[in-house]
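Student: I would like to go through a domain interface in this model. Please give the cut-offs as you use them.

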Amino acid sequence: MPDSPALPARVVGAAPDIAASAPATVLAELSKPGKPISRALVGVFFEDISYSADGGLYAELIQNRSFEYSSADHLGWHAFTSWELVKRGGGRGAVAIDRALPLHPNNPHYAVVRAEEPGEGVGLLNTGWDGIPVRAGEIYDVSFFARQCFMGEMWGPDSDPAGRPMPVITRLEGPDGRLLGEARFEIAGADWHRIEGEIVAVATEEAARFVLLLGKQGGLALDEISLFPRKTFRGRKNGLRADLAQTIADLKPGFVRFPGGCVAHGNGLGNLYRWQDTVGPVEQRKGQPNLWGYHQSVGLGYFEYFQFCEDIGALPLPVVAAGVCCQNSAHTPGRCQHGIPLAEMPAYVQEVLDLIEWANGPADSRWGAVRAAAGHPEPFGLKYLGVGNEDKITPGFKERFRMIFEALREKHPEIVVIGTSGPFAHGEDYDLGWAYATELGVPMIDEHYYVPPQWFWDNLGRYDAYDRAKAKVYLGEYAAHEPDRRNTLRSALAEAACLTSLERNGDAVAFASYAPLLARRSHTRWAPDLVYFDNTRVYPTLNYEVQRLFGQNRGDLFLETGVSGLGDAGEKLAASTVHDLASGDAVLKIVNGGASSRPLRIRLAGLPASSRSAALVVFAGADPDACNQDGQAPAVRPETSTVPISEDFDFLLPANSLVIFRLPLPR
Ligand code: AHR
């Protein structure tokens, strides 16, 4: 028997009850051959919910930049929502929304501002989403489309028939009107053209506003008025908010699923998410209502999603509608699934095939050329495609799914299609969805479950006896829901326990993503979420920490791990070990969902003599109710240290904890 040092228990928070029970044993088989599992197991689910895209991850700072808001987005909204007409220093003028000569048919509305008497400026003001955050010394890229109005638009003949250029000032101002920076332009000509410049902020302001002023008598048509911080994630144009994108990148997600969730299949047939409307120049994209109660500009569209995946080394996992809209459309749960008319299905199927060409086709193919024109001539390497999102499994769904699936199988056998099995872990749609997918030979199925923390503990064996000959599982949406929907340590640890079971079954479960990912504070439509944010801060939750710890401690092989000697059948203890071939390390994760610390005997069978210390992460708290959903700093943080290990040692596992041992194995 090798020496077995008794490691000091690392206890965070108040002293726990030390369980009187005999030690349980966690046995990790380090030298037996491991079972290959999915290295991309832990990924993220991105849906534009709770202002995750516009007003969130998408770095645009102007709200309703293209004047396309309407009451279909949100009761009471209209094309001028979030804008104001401003008249400064004796200025007189007016604004109207027009659609007579649009920039593009997909972007039909624009503003026409007329300065009858310029005074110190007549124009438009926008306050972004709860104000525009600016930082001293940072550069902001301003751009807009404009054309001079000379004749007959809205108010009759223009007052400046000589057609001299229109001076325009764009300004960032504090809430009190204090100037924070400006850029000046001259607009000449009656044709739409893009204007761009930069504003350097001279002061920091959390809730600034953007103002665009006409400097002389006359009229201007304006559209797609945009303001981006120069510092986007990886400096991308039309890019992502750097802090939020980095928070996602820090998860080291194996994949990113987008654009939903329910957003993918939409509120009614007219609201399906059509990928091709979200690529190409942003002013030509076709925004639409978001079923979570606001507008999707689709400025964050398929190109940006794919580029983000590439930037963070994650697989892209898009989901297209299965030719049907959400069964909960029109506020009628379960009864409003409608299918694209069968006569139109061939065109829809072609849209799905076109997506593969857009993502993977050569730069001189029809859709590959669109990707190349956006700056990405190389293929994106799409391998997985979801078809359908927790749809009700009806004859109408089946017929349309089959059409899409068979076309993909024939034309693109290299693409792994992911089918759907309804919104719950069990029940009619689950059974029907699996049966139909099995009948068709669909290679992977998307499962969803939002369930209480205890459910995860009770179902850790869900995939153990799973028939490996069947389709692989993508656990596309899951989260532990407390009755009050808070992000507690209890829920985070239940998810951690679930993740150990998914690692153990990583040969059957290919992917798993917590849902939803992001939510803007004060605009949250769904709880819990993984990460909350406001204009200037990001608030990762305790659940995020668990996802991050698993994402950063992934593996390629599952090493047999046993837990024995539990006090009773209900004891909450789970463990798994993976071998990360990239680093050569073995990673043992142990979760204690109990309220007492737990004496453990840890046996690392086959531990090489050269391995006598491990990096230890302890994520533990005395209070399972600890929660930071309200924007507070996490009450519990992972603590790291280096500890001695041996083939057989004692360890006092803290109450309410996830602990991770990372130790090198010989290469
Ligand atoms: O994740 C939030 C929602 O939950 C998704 O849009 C939907 O697929 C599920 O019902």
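Student: How many salt bridges does the rule find across the interface of domain 1 and domain 2?
Tutor: The model is predicted, so local features need pLDDT of at least 70 and side-chain atom pairs count only at pLDDT 80 or more, while totals for chains, interfaces and linings use all residues. Residues are numbered from 1 along each chain as its sequence is written, and side-chain values use heavy atoms, leaving out hydrogens and water. A salt bridge is a side-chain nitrogen of Lys or Arg within 4 Å of a carboxyl oxygen of Asp or Glu. Across the interface of domain 1 and domain 2, the number found by that rule is four.

Student: Which strand gives the most residues to the side of domain 1 that touches domain 2?
Tutor: Strands are DSSP runs (E, at least two residues), numbered from the N terminus. Those supplying at least two residues each to this side include strand 31 (585-592) and strand 33 (613-620). The top contribution, five residues, comes from strand 30.

Student: What area is buried between domain 1 and domain 2?
Tutor: Buried area is the accessible area (1.4 Å probe) that two parts lose on being put together, summed over both. Carbon and sulfur atoms give 65% of it here. In domain 1, K572, F619 and Q629 lose the most area to domain 2, together 22% of what that side buries. The area buried between the two domains is about 2,600 Å².

Student: How many residues of domain 1 are in contact with domain 2?
Tutor: Contact means heavy atoms within 4.5 Å, and the domain bounds come from an automatic or database domain assignment. On the domain 2 side, 32 residues take part. On the domain 1 side, the number is 33.

Key: Helices (H or I, at least four residues) and strands (E, at least two) are DSSP runs, numbered from the N terminus.
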